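Subject: Structure handover

Hello,

Please find the structure below, followed by notes on what was found in it. Comments are welcome.

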Amino acid sequence: MAKKNHDTDVAFIEALAKLLQENDLTELEVMRDYGENDSLNVRVSRAKEVVQQISAPVAAAPAPAAVAPAAAPAAEAPAAASDDPASHPGAVPSPMVGTAYLQAEPGSPSFVNVGDTVSEGQTVLIIEAMKTMNQIPAPRAGKVARILVEDGSPVEFGAPLMIIE
């Protein structure tokens, strides 16, 4: 019977991969429970290389400015860093695909606001994934410089959620 489960699991995973591709998803996670001490946890994901290709020409754009005096490229470098929050060293990336919530429940105060000082491990927001609320801790202590998501907005894996400086 284990062989039958294996064959159906392979077909199930192939169907998930096809679903991922047909719906242009980046990640899909499913848990199948066959009974006591017998389950299958599957996470199928893929990277969108299109995003990386779009980023490359943007990074190449400041290169012609090298003809200008040395002070001009130095002034442009911080502007380029602020345009792409994901490359900021204080960016807090999303550990999963889901829906971001800035407060524990509607009407309650936000976990953090811009300008707040947070400590490492402090909950800064929640991401709901598959009806499970996942608390997202601050990866470092610092001051919340920017919040990049809106309450109730969908987020992708690796997307920057906020900047902590």
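Four strands make up an open sheet in the order 3-10-8-5, with antiparallel pairing. Strand 3 (91–93) and strand 5 are the edge strands, each with a single partner strand, so one side of each has no neighbour in the sheet. Strands here (E, at least two residues) and helices (H or I, at least four residues) are DSSP runs, numbered from the N terminus. Two strands count as paired if DSSP finds at least two bridges between them.

Before the details, a note on the source: this is a predicted model, in which local features need pLDDT of at least 70 and side-chain atom pairs count only at pLDDT 80 or more, while totals for chains, interfaces and linings use all residues. Residues are numbered from 1 along each chain as its sequence is written, and side-chain values use heavy atoms, with hydrogens and water left out.

Within the sheet, strand 5 (117–118) pairs with strand 8 (residues 142–147) in the antiparallel sense over two bridges. T117 stands opposite K143, and V118 has G142 as its bridge partner. Strand 8 is also joined to strand 10 by three bridges, again antiparallel; I147 has M162 in strand 10 as its bridge partner.

T99 takes part in both pairings: its bridge partner in strand 9 is P154, and in strand 6 T99 stands opposite E128.

**Overall make-up**

The protein has three helices and 10 strands. Along the sequence they follow the pattern α-β-β-α-α-β-β-β-β-β-β-β-β. Of the 165 residues, 25% are buried, where buried means under 20% relative accessible area, exposed over 50%, and partly exposed in between (1.4 Å probe, protein chains only). Among contacts (heavy atoms within 4.5 Å) with a separation of 6 or more, 54% are between residues 24 or more positions apart.

**Nonpolar cores**

A nonpolar core is taken as a set of buried Ala, Val, Leu, Ile, Met, Phe, Trp, Tyr and Cys residues joined through side-chain atoms within 4.5 Å. The largest has 18 residues, and those with the most contacts inside it are V118, V124, L125, I127, V149, L161 and M162. Strand 6 (123–129) and strand 10 (160–164) are the elements that each give two or more residues to this core. The largest share, four residues, comes from strand 6. Apart from this core lies another, of seven residues, among them L20, L28, L40 and V42.

L16 is in helix 1 (residues 2–22) and is buried, with a relative accessible area of 7%. Leaving aside neighbours within four places in sequence, L16 is in contact with L28, V30, V42 and V44.

Not counting residues up to four places away in sequence, Q103 touches S108, P109, S110, F111, I126 and D151.

**Second largest pocket**

The second largest pocket has a volume of about 330 Å³. Of the 14 residues that line this pocket, the closest to its centre are E27, E29, V97, A129 and M130. Strand 1 (27–35) and strand 7 (132–137) are the elements that give two or more residues to the lining; strand 1 gives the most, with three residues. By class, the lining has six nonpolar, three polar and five charged residues.

The terms are as follows. On a 1 Å grid over the protein atoms alone, a pocket is an open set of points where a 1.4 Å probe fits, with protein on both sides within 12 Å along at least five of seven lines, and lining residues have an atom within 4 Å of a point. Grid points are joined across faces, edges and corners, and the volume is the space filled by probe spheres set on the points. Ala, Val, Leu, Ile, Met, Phe, Trp, Tyr, Cys and Pro count as nonpolar, Asp, Glu, Lys and Arg as charged, and the others, Gly among them, as polar.

Regards
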